[in-house]
Amino acid sequence: MKTERDLVIIGGGAAGLAAAQYGARANLDTLLIEEMAPGGQALLIDRLENYPGIIEPVNGYDFAETLHTQAENFGAEFLTASVSVLKKEGNFFHIETNEGNFTALAVILATGAVHRHAQVPGEEEFQGRGVSYCATCDGPFFKNKKMLVVGGGDAACDEAMFLSKLAEKVILVHRRDAFRAQKSLASRVLANPKIEVRFNTVVREIKGDTKVSSILLEDLAAKKRYEEAVAAVFVFIGSDPRSALAGEAKRDEGGSLFTDDTMETSVKGLFAAGDVRVSPFRQIVTACSDGAIAAHAAAMHIDEVRETA
Ligand code: NAP
C-alpha cells in the first residue's frame, strides 16, 4: 500500500466516509484508516428516518455500507488499522499505525466519540450482563422484560422508543424535569403507553447476582431512594470526544476540537469532522456535511502547500 498520501482520514463513521468520497472526487490521493468496520455509530441505528431525501427509513448498517461503497467507487482507499501517533513535521503529517506508517499533506480527524458511563456501583460489573450502551445490539436479549433507560437527550428518547417495541415496559429516568431531546421525539416518548418517564430521577446503583436484577434510584424532588426490579439498564447520557490524537489542537473543556467554518483545527492542515469537534447539533447529516467541507478545505490547503513549496 502506498505510504505517501495527499489526504489521510482517521475514522470511518459518517463524517469520515463523506470526507473520503469528497476527497477522492477532488482527485486527492485519499486513504481512510478505521480500526473497525466502517460506519461508526450509524451502524447501531435501527431505522434512520431523518436523513434528507430518504423517505423510507433505512437500516444504519445498510446506509453506512452505501457511503463506504460510494467512497470506494470514487477511488478512496481503506485500511483497517489503529492509529497510535499523529504528528506534524514541516508541511507533512506522520501517521503511525499497527499496519505501517504514512505521511499526508492534510489529515481529517473523524474519530467520533465514546459513550459516557454513568459511573455508579454495578455499572462496570454488569456490563454485558444487563448493562448496555446499545439498544439495537442488546435489546432483543430482554424481550418482554422490564427495561430501564437513563438519559434525556435524543439518544435516550430514540432508544427508549426502539426498546418499547420489545419490552414489557420501559422506564426512562432523567436527572432533570425536562428532556434535552428534540421536541417531536420527546412528545412521542411522552405519548408512548409502554414508556414510563420519571423526571428528577438519578441512578445510584445497579444490582444483581450473575446479571442485573434491580436498580437503586433516587427521586431528587422527594429526596427518596427506592429499588426497582429491571432486567436491563441502557445508559444514553452523551459521549466524550476521541480527540487524543489531535496533539496541540485547541479543545473545549469537554475535549471536543474547535474548528473554523472550514473544519480546520488550530493546527494548519489538520481538520476535524463529526462528533469529535465542537458542534451544536450532532446528526448523520451534519457529520456528512462536516466531512464534505473538511475534504474541500483540505484540497485547498494541499494546493496552497504545493504552490508555496
Ligand atoms: P446529549 O444530547 O448530550 O444528551 C445527554 C443526556 O444525558 C442529557 O439529557 C443529559 O442531561 C444526560 N446526562 C449527561 N450526563 C449524565 C449523568 N452523568 N447522569 C445522568 N444523566 C446525564 O447526548 P445524546 O442523547 O447521546 O446525543 C448526542 C448527539 O447526537 C446530540 O447532538 C443528538 O442530537 C444527536 N442524536 C440525534 C438523534 C436523532 O436525531 N434521532 C439520535 C441520537 C443522537 P441534561 O439534559 O441534564 O444535561
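An oxygen atom of the ligand sits 3.1 Å from an N or O atom in the side chain of Gln 182. Keep in mind that this is a predicted model.

**Around the ligand**

- Gln 283 also reaches the ligand with its side chain, where an N or O atom is 3.0 Å from a ligand oxygen atom.
- Arg 282 does it with its backbone: an N or O atom there lies 3.0 Å from an oxygen atom of the ligand.
- On its own the ligand would expose 920 Å², and the protein buries 75% of that.
- There are 17 residues around the ligand, and the ones that come nearest are Asp 154, Asp 158, Arg 176, Arg 180 and Arg 282.
- By type, the shell around the ligand splits into three nonpolar, seven polar and seven charged residues.

**Helix α2**

- Helix α2 takes in residues 60–73, and at 1.5 Å a residue its 14 residues should span 20 Å.
- The buried residues of α2 are Gly 60, Phe 63, Ala 64, Leu 67, His 68 and Ala 71.
- Those residues cover an arc of only 140° around the axis, so they lie on the same side of α2.

**Glu 228 in strand β14**

- Glu 228 belongs to strand β14, which runs over residues 224–229.
- Is Glu 228 buried or exposed? Glu 228 is buried, because its relative accessible area is 12%, and the cut-off for buried is under 20%.
- Glu 228 and Lys 146 are 82 residues apart in sequence, yet their C-alpha atoms are 9.8 Å apart in space.

**Positive phi in two loops**

- Asn 27 has a phi near 70°, which is a positive value in a residue other than glycine.
- You'll find Asn 27 in the loop between α1 (14–25) and β2 (30–34).
- With a relative accessible area of 69%, Asn 27 is exposed, since exposed means over 50%.
- Gln 119 isn't a glycine either, but its phi is positive at about 55°.
- Look for Gln 119 in the loop between β7 (113–115) and β8 (131–132).
- Gln 119 is exposed too, with a relative accessible area of 71%.

Note on methods
Residues are numbered from 1 along each chain as its sequence is written. This is a predicted model: local features need pLDDT of at least 70, side-chain atom pairs count only at pLDDT 80 or more; totals for chains, interfaces and linings use all residues. Side-chain values use heavy atoms; hydrogens and water are left out. A residue is near a molecule or strand if one of its heavy atoms lies within 4 Å of it. A polar contact is a pair of N or O atoms within 3.5 Å; within protein, one must be able to donate a hydrogen and the other to accept it, and residues adjacent in sequence count only if both atoms are side-chain atoms. Accessible areas come from the Shrake-Rupley method with a 1.4 Å probe; for residues, only the protein chains shown count as cover. Ala, Val, Leu, Ile, Met, Phe, Trp, Tyr, Cys and Pro count as nonpolar, Asp, Glu, Lys and Arg as charged, and the others, Gly among them, as polar. Helices (H or I, at least four residues) and strands (E, at least two) are DSSP runs, numbered from the N terminus. The expected span of a helix is 1.5 Å times one less than its number of residues. Buried means under 20% relative accessible area, exposed over 50%, partly exposed in between (1.4 Å probe, protein chains only). The arc is that of the directions from the helix axis to the C-beta atoms.
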